[in-house]
Amino acid sequence: MQRKAVRRRVLPGIAMLTALAAGAAGLTGCTSGSEGGSTSDSKAGGNAAAPAQPGKYRSLPAPCKAGADSKKLKGMLPAGDSLTPEQRDQMYAGVADASYDGDRHVGCRWTGQSPEETRLLSVGFERVVSYDRTTTSDDDKAKQVYVRRLTDAKLPFPGPTASPTPAAITPAAPTPAAPTPAAPVQGAPASGAPASPGASPSAPVELGSRVLEGLGSDAFLEDKLSPAGASAAQSRTVRIVFRTSNVIVTIEYSVQPALPGTVPPSTETQDRARQLAQALAERFSE
């Protein structure tokens, strides 16, 4: 009789323990399920930032054709009378630079010679691409490249971080210009064009290097004159760099007189280079 009583007491106890264990397993399953649901919900929340936008331009125009389409090319490169029509056509056609990626970097060069002088012209197009689209767009990357070139030219960047924002654009001309007459030439780009300072080499007007306005998104101009020599003429090189969206355009225009003591006029050389730069900027905006 005692054994039966013991069995009756043990069996209900085992049943109760089994029920408690099953309930604990059910609670554990619910807990893990809720955790899994919260994890999936956090992933589906989509907190990742949207990638930066690609640049406006996906390809580049042919640089030789882009320059040859402008009527200003013949004014920049006068051909000698001794050239045949075929030689003139070949000269104005230009020579394309070697490029391994025509969608990223292309260029073209022209050479014009006459008994009085030799003129060299080059045009380069660079399409900037950002390889970190999560933080930097193509346009932002192109602006960084432009700022580096502006810094290399030792010109101030006309942005909100510059201390004298308005002065960074206009008074930039007197800063790099060595001659004394450069100081009063603050408005020389507009009024100096018809002056033709090349006729009076004793007091030439030097416009100097400066930041440009109204040309693409950002632009600057470098004006360099070779050192004076007793037996050699001074050559002048004008370099214009401007950015339009994610493309950077570089123009270099050099005038090398044949007669010693001759100085190419700053106003005329800069005006011709700026007219070509404006034509190219308008071509990109089409």
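Which side chain does the side chain of Thr-244 join through a polar contact of 3.5 Å? In this predicted model, the partner is Tyr-57. Thr-244 itself sits in strand S6, which covers residues 236-244. Leaving aside residues up to four places away in sequence, Thr-244 touches Tyr-57, Ser-217 and Phe-284. With a relative accessible area of 12%, Thr-244 falls under the 20% cut-off and so counts as buried.

Two of those neighbours turn up again when it comes to the rings. Searching the whole structure gives three aromatic pairs. One of them is Tyr-57 with Phe-284, an edge-to-face arrangement with 5.4 Å centre to centre and 85 degrees between the planes. This pair bridges distant parts of the chain: Tyr-57 lies in the loop between helix H1 (2-44) and helix H2 (63-68), while Phe-284 belongs to helix H7 (residues 266-285), 227 residues apart.

Another pair is made by Tyr-146 and Phe-220, and here the geometry is tilted, with 5.7 Å centre to centre and 55 degrees between the planes. Again distant parts of the chain are linked, with Tyr-146 in helix H5 (residues 138-152) and Phe-220 in strand S5 (residues 218-225), 74 residues apart. Tyr-146 is buried at 1% relative accessibility, and Phe-220 is buried at 0%.

Back at Tyr-57, the picture extends to a cluster: ring pairs tie Tyr-57, Phe-125 and Phe-284 together.

Methods. Residues are numbered from 1 along each chain as its sequence is written. This is a predicted model: local features need pLDDT of at least 70, side-chain atom pairs count only at pLDDT 80 or more; totals for chains, interfaces and linings use all residues. Side-chain values use heavy atoms; hydrogens and water are left out. Helices (H or I, at least four residues) and strands (E, at least two) are DSSP runs, numbered from the N terminus. Buried means under 20% relative accessible area, exposed over 50%, partly exposed in between (1.4 Å probe, protein chains only). A polar contact is a pair of N or O atoms within 3.5 Å; within protein, one must be able to donate a hydrogen and the other to accept it, and residues adjacent in sequence count only if both atoms are side-chain atoms. Contact means heavy atoms within 4.5 Å. Rings of Phe, Tyr and Trp (its six-membered ring) pair if their centres lie within 6.5 Å; planes under 30 degrees apart count as stacked, over 60 as edge-to-face and the rest as tilted.
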